[in-house]
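Me: Hi! I'm new to this one and would like a friendly walk through it. Could you put it up for both of us?

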Amino acid sequence: MKRVALLCMSYGTPYKEEDILPYYTHIRHGHEPSHEAYIDLKDRYEYIGGVSPLATTTEKQAETLCHTLNSMTNDISYELYIGLKHIHPFIEDAIDDISAEGIDEIVSVVLTPHYSSFSVEMYNQRASQYANEKNIKVTTLDQFYKEEKFIQYWVDSVNTQLNLIPEEAHQKTAIIVSAHSLPEKILEHNDPYPSQLEETAQLIQSRIGHNHVFNGWQSEGNTGEPWIGPDVQDLTQTLHEQYDYQNFIYVPLGFTCEHLEVLYDNDYECKKVCDDLGCNYYRAEMPGSNQLFIESIANAVINNYKEKNHLTAVN
Ligand code: FEC
């Protein structure tokens, strides 16, 4: 059986308080943040309990994905490696380990559903460049948001929240589908990221039979340049003031699990906006290692591998 390394890539998170500064500095391309910015980030981690659940969840997602892939294929044996963008084990560390194991082929996946030249492409470039130096072949996956099981997961998750709201209040219920914002400059190169989010929202809207679905962007950085909008908090305010929506269901489906950007930016910041407006806050449950959701990624990985290596695709 062919040995293939499954390289699961994810953002990474500080494991302990002392990691916050080097982590933040890495995110800022080697520039240390100001003391205020550092304290602000430290406070946000403190608010969510000191550390983010991201590290543990990434591991669980990756293990479940590897197990699922192995149960779906007879001719390949996948061996799991985790490579992170902003903290150890870095993407390059994982590839060093793969090389040391004598594995000469990688299938890589980034644990985020939409493609952007500013996010997924950066992971893929790092993986491809470093693997090339080691003479390891890589098949990268760009996106998985269109997978049937991905959409089904989110339809179920949104419906669970909708069902908490009395039927007669549904006309006053807005569903905000969001992803991490990116600097507006990505739009100059026809980056597909915004249209992929729109398409995801449409696919979900057509299945849930609820017309009040809106796209928003969240967690934008403080870089002094314009970021893609509308920001979810501003959107909430506008939808309430202009159209009198009273209930808000947040669906941060550009992420795959609970972490700082969901637990703070949604569950604290968006909830605060709702509270201040006298509205009700709901947030769809994140998939984490939900089996249906992981199968959607596995399917995308297998079909992408076959497509890129000129083999026959599966359903
Ligand atoms: O739970 C955790 O500890 C980590 C949560 C976390 C995830 C995440 C995902 C994405 N980011 C994306 C883009 C950017 C850009 C900048 C940026 C900055 C930060 C900072 C923190 C942070 N991000 Fe992140 N991101 C997470 C955490 N992100 C902390 C720094 C402080 C702040 O701005 O809040 C701006 C960089 C710059 O300054 O130049 C751009 C994108 C994703 C979703 C895709 C992915 O997971 O890779 C896109 C999770």
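Me: Thanks! What kind of model is it, and how are residues numbered?
Reply: This is a predicted model, in which local features need pLDDT of at least 70 and side-chain atom pairs count only at pLDDT 80 or more, while totals for chains, interfaces and linings use all residues. Residues are numbered from 1 along each chain as its sequence is written, and side-chain values use heavy atoms, with hydrogens and water left out.

Me: OK, ligand first. How many residues surround it?
Reply: The ligand is surrounded by 26 residues, counting a residue if one of its heavy atoms lies within 4 Å. The closest are Tyr11, Thr13, Tyr45, Ser52 and Tyr123.

Me: And what sort of residues are they?
Reply: The shell around the ligand has 14 nonpolar, ten polar and two charged residues. In this scheme Ala, Val, Leu, Ile, Met, Phe, Trp, Tyr, Cys and Pro are nonpolar, Asp, Glu, Lys and Arg are charged, and the others, Gly among them, are polar.

Me: Which polar atoms sit by the ligand's oxygen and nitrogen atoms?
Reply: For Thr13, a polar side-chain atom is 2.5 Å from a ligand oxygen. The side chain of Tyr11 has an N or O atom 2.8 Å from a ligand nitrogen. With Leu260 it is a polar backbone atom, 2.9 Å from an oxygen of the ligand.

Me: Switching topic: where does the ligand lie relative to the domains?
Reply: It lies between domain 1 (2–16 + 51–143 + 290–309) and domain 2 (148–283), because both give residues to the shell. The bounds come from an automatic or database domain assignment.

Me: How far apart are the two domain centres?
Reply: The C-alpha centres of domain 1 and domain 2 lie 27 Å apart. Their contact (heavy atoms within 4.5 Å) takes 19 residues from domain 1 and 23 residues from domain 2.

Me: How much area do they bury?
Reply: Domain 1 and domain 2 bury about 1800 Å² between them, with 68% of it on carbon and sulfur atoms. Buried area is the accessible area (1.4 Å probe) that two parts lose on being put together, summed over both. On the domain 1 side, His114, Phe118 and Phe293 supply 32% of the area buried against domain 2, more than any other three residues.

Me: How many salt bridges cross that interface?
Reply: The rule finds one between domain 1 and domain 2, where a salt bridge needs a side-chain nitrogen of Lys or Arg within 4 Å of a carboxyl oxygen of Asp or Glu. Lys149 and Glu295 form a salt bridge through their side chains, at 2.7 Å from N to O.

Technical notes:
Polar contact = N/O pair within 3.5 Å; in protein donor to acceptor, adjacent residues only side chain to side chain.
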